[in-house]
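Here are my notes on this model, as promised. Have a look at it first, then go through the points below.

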Amino acid sequence: MAGNAKLRRRLGRGGIHVLLIVAGLSMIMPFLWMVSTSFRSTLEITKDPYRFSPEVLSPGFGAPDTPSAGESRSVGRVFANYVEAWQSAPFGRYFFNTVFVALSCVVGVVITSALAAYAFARFRFKGRDVIFMLFLSMMMVPEPVYLVPSFIIIARLHWLDTYYALIIPWIAKVFSIFLLRQHFKTIPQDLFDAATIDGASRFSILWRIVMPLSKAILVTIVLFTIIGSWNSFLWPLVMTHSPEMRPIQIGLAAFSQEEGTEYGLMMAATCLSVLPLLVMYFFAQKQIIASLASSGLKE
Amino acid sequence: MSTPITARELSRRVRRRKRLSAAGALLYILPAAVIIIAFRLVPILAAFTFSFFEIKMGALVGFVGVGHYIKLAQDPTFWKSLGTTLWFVVGTVPPAIFVSLFFALLLNQRIKALGLYRTVYFMPVVTSMVAVAVIWKWILEPEIGILNFLLEKLHLGEPGWLGESRGIFQLAAAKLGLSLPRWAGGPSLALVSLAIVNTWKGLGYNIVIFLAGLQNIPQQQYEAAKIDGAGPWQLFRFVTWPILSPTTFYVFIMSTIVSFQTFSLVYLMTSPPGGPEDSTKVLVYYLFDKGFTPPASLGRASAVALVLFAIILTLTLVQRRLAERRVHY
């Protein structure tokens, strides 16, 4: 920024980059430390907890006069912690649950939000604004406030420890309705009039014209719904108790409580749990950053 | 479709569309409304009701008026948890604002590789709280954790981090050979550790928000101030800071709201959860304890929920009010 030319001169480009790189390292080192530990055996960690490069990946692996003498490097040996973690807890099931729940939520949120937002934005009816305000006011209520009664409602419905408990209460999102409504309002009335004259029904206008015009907002909603669902913790912690129903977050938390000191195993499991979202993040970082920033979703 | 339509036919269609509106519109809202009513509105009203009743096996058995609130007010654990929460808010919000604003300012200097920095800073935001907790528990391990190894190398001692129940003021005073009374000990180092991890996780988020705010500042403002002979500090103090104040205020309120609700970090990182010596038992942990750990008291848990709601509602309304007025300078 030209306005800060003097600041820039004083600090210098180099200085700024040094500070930014130090901050960047402090952000990324914990992840690298996790990856490094995930390739190290418990014995190795106990002997030298602070070594960064895992033995199994170093050039001298298996050479005589080393602790690993005679061992051979194989895929199974390199990924030993991953294999063991995967076998000692039903991580496959955890992942399936998480993906299934997240995708169901996405489908549900998009459908319910588009329908409701369409009515709020383009129809005139009695009580429209009152209902909309009521919906909006729900956004101010934090999750812990409705957690206990929700638990009782879910229990009464006999939904505890089922997919229903993890999906149904989350297939409507006030914020998505709000975002879509704001966008739907910007679509010119002429478009609706023209379609009506052509004999299109209200639903087909929504489906054929309005939705294709709202792709950017829909991407935003899909992304924060997936990330919110993938990372949610308190709700599934309370609503599930059997391992078969656990999403990955609860599974990982349980695993870390059981394997408290097996750091290699734990880091391998953690790596697995963050990999899908981080891969998605690297492919769609711009959209993800914009999506999360707009949603106010932090945790 | 090119069938010519008459004016009469057109007005008939428009009229029919209007007539259908009320009933039809409700049909469109219905799916969302059912979910929002059943899983938001009803539970909120229920929490309100529960907080005035005795509950056995999920059924209301007797009206107790403000009984739960009185018991709450008489429970020292509740007041302690509220105090712990306030310390947590104090330990997370100002650092979150100042550190992220500082880096947002650096990123806003038309530097190269802006996108790369932003990508890296935002990584912890996308990562789940559970993963962050597991990774940091390993880093903060007092015996073999990497952080204490590095601190030891720098002769900075080996703090007990998550296992340390003593207050940070007490620890600092002990370094100077002084001893403080217990009440002046401050938040435990365990709680401060949680605050650090929490700040680390949310930093990228706040940076992105601040950066957006900074990029909205009109360039002319700086030009004008420079003509008046403003130096870099004056530019920040009299141009950037005042114009940025709505963003700063937004970050302040949002971070405060999120910090008041903190739970997962406490649950995941401390052992026993809320420990050591209950020094990390925050408000939502207290609520969780009362609601789900036998002997549970749903009435009491609901009373805590309402207290939390009142705090957060106040913060939200203040934010709305000021955002509407758009008072900057």
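1. One definition before the details: two residues are in contact if their C-beta atoms, placed from the backbone, lie within 7 Å. Keep in mind, too, that this is a predicted model.

2. With that in hand, look at helix α6 of chain A (residues 128-138) and helix α9 of chain A (residues 174-185). On the α6(A) side the contact involves A:F135, A:L136 and A:M138, and these meet A:V174, A:I177 and A:F178 in α9(A). By class, the contact of α6(A) with α9(A) is made of six nonpolar residues, with no polar and no charged ones.

3. Now the geometry of that pair. The axes of α6 and α9 of chain A are 8 Å apart, and the two helices pack at an angle of about 130°. Angles over 145 degrees would count as roughly antiparallel and 65 to 115 as roughly perpendicular, and α6(A) and α9(A) are therefore oblique to each other. The crossing of α6(A) past α9(A) is left-handed.

4. On to the domains. Chain A is assigned a domain 1 at 2-85 and a domain 2 at 89-295. Between the C-alpha centres of domain 1 and domain 2 of chain A there are 35 Å.

5. How many residues of domain 1 of chain A are in contact with domain 2 of chain A? Twelve, and they touch twelve residues of domain 2. On the domain 1 side, α1 (5-38), α2 (42-47) and α4 (80-88) of chain A each supply at least two residues. That side of domain 1 of chain A has five nonpolar, five polar and two charged residues.

Note on methods. Residues numbered from 1 in each chain as written. Chains lettered and ligands numbered in written order. Predicted model: local features only at pLDDT ≥ 70, side-chain atom pairs only at ≥ 80, totals over all residues. Axes fitted to C-alpha atoms, helices over the stretch in contact; angles between N-to-C directions. Helix = DSSP H or I, 4+ residues; strand = E, 2+ residues; numbered from the N terminus. Parallel < 35°, antiparallel > 145°, perpendicular 65-115°, else oblique. Left-handed = near helix turned anticlockwise from the far one by under 90°. Nonpolar A, V, L, I, M, F, W, Y, C, P; charged D, E, K, R; others polar. Domains from an automatic or database assignment.
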